[in-house]
Amino acid sequence: MDELFKEKVLEWISRKHIFTKKYVFVPILHWRHWNLLIFCNFDKPLQSNTQTTCMLLLDSMQMSGPRRLEPTIRKFLLDVYEAEKRPVMKQAISKIPLLIPKVPQQRNGEDCGRFVLYFISLFMESAPKNFSTTGGYPYFMKEDWFAPQDFDCFCKRFKLCS
């Protein structure tokens, strides 16, 4: 989000060829709060009939208003397409769904970064091979996706406790 680093970040991203990956995890730090953006099925054409190209924004503190990030996310995505010299129209990017599922919420003002790591871990374990949002979110992305004690065990396991 910092213009000072934008060019270097886009250069690094373009070397990773993220549009060849089924899932891409993008941790976002904004206003001292971490969110997780997941690009889903960007390895397929944007208008694929078989799989849903979408973006998931996971926020462990939804009262902070995650929709406020949407314009910045869409601008970032357009910048990435341009950096990779991929033809895309701004209108096509505006049609990619940005979904914000209700996920478990943090219990304090300090766990957002740990939640992002846990969201990544759980998503990698649970994501279906053929991700689609037809019929709603995938079965695992709900407010009760995990219990607080599961999160606590994860933090202890990786020594993420404060």
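Trainee: How many residues lie between strand 1 and strand 2 in the hairpin?
Mentor: Two. This is a predicted model, by the way. In the turn, Trp31 has a positive phi of about 55°.

Trainee: In which sense do strand 1 and strand 2 pair, parallel or antiparallel?
Mentor: Antiparallel, over eight bridges. Strand 1 covers residues 23-30, and strand 2 covers residues 33-40.

Trainee: And which residue in strand 2 stands opposite Val24?
Mentor: Phe39.

Trainee: Switching to helices. At what angle do the axes of helix 1 and helix 2 cross?
Mentor: Roughly 60°, and the axes come within 9 Å. Helix 1 is residues 3-16; helix 2 is residues 70-83. That angle makes helix 1 oblique to helix 2.

Trainee: Is the crossing left-handed or right-handed?
Mentor: Helix 1 passes helix 2 in a right-handed crossing.

Trainee: Which residues make the contact?
Mentor: From helix 1, Lys6, Leu10, Ile13 and Ser14. From helix 2, Lys75, Phe76, Asp79, Val80 and Ala83. By class, that contact has five nonpolar, one polar and three charged residues.

Trainee: Zooming out, what pattern does the protein chain follow along the sequence?
Mentor: It reads α-β-β-β-α-α-β-α-α. That comes to five helices and four strands.

Trainee: What about the radius of gyration of the protein chain?
Mentor: The protein chain has 16 Å. A compact globule with 162 residues would be near 15 Å, so the value agrees. The C-alpha atoms fill a box of roughly 45 × 40 × 25 Å along the principal axes.

Technical notes:
Residues numbered from 1 in each chain as written. Predicted model: local features only at pLDDT ≥ 70, side-chain atom pairs only at ≥ 80, totals over all residues. Heavy atoms only, no water. Pairing = 2+ DSSP bridges. Axes fitted to C-alpha atoms, helices over the stretch in contact; angles between N-to-C directions. Parallel < 35°, antiparallel > 145°, perpendicular 65-115°, else oblique. Left-handed = near helix turned anticlockwise from the far one by under 90°. Contact = heavy atoms within 4.5 Å. Nonpolar A, V, L, I, M, F, W, Y, C, P; charged D, E, K, R; others polar. Rg over C-alpha atoms; globule rule 2.2 N^0.38 Å.
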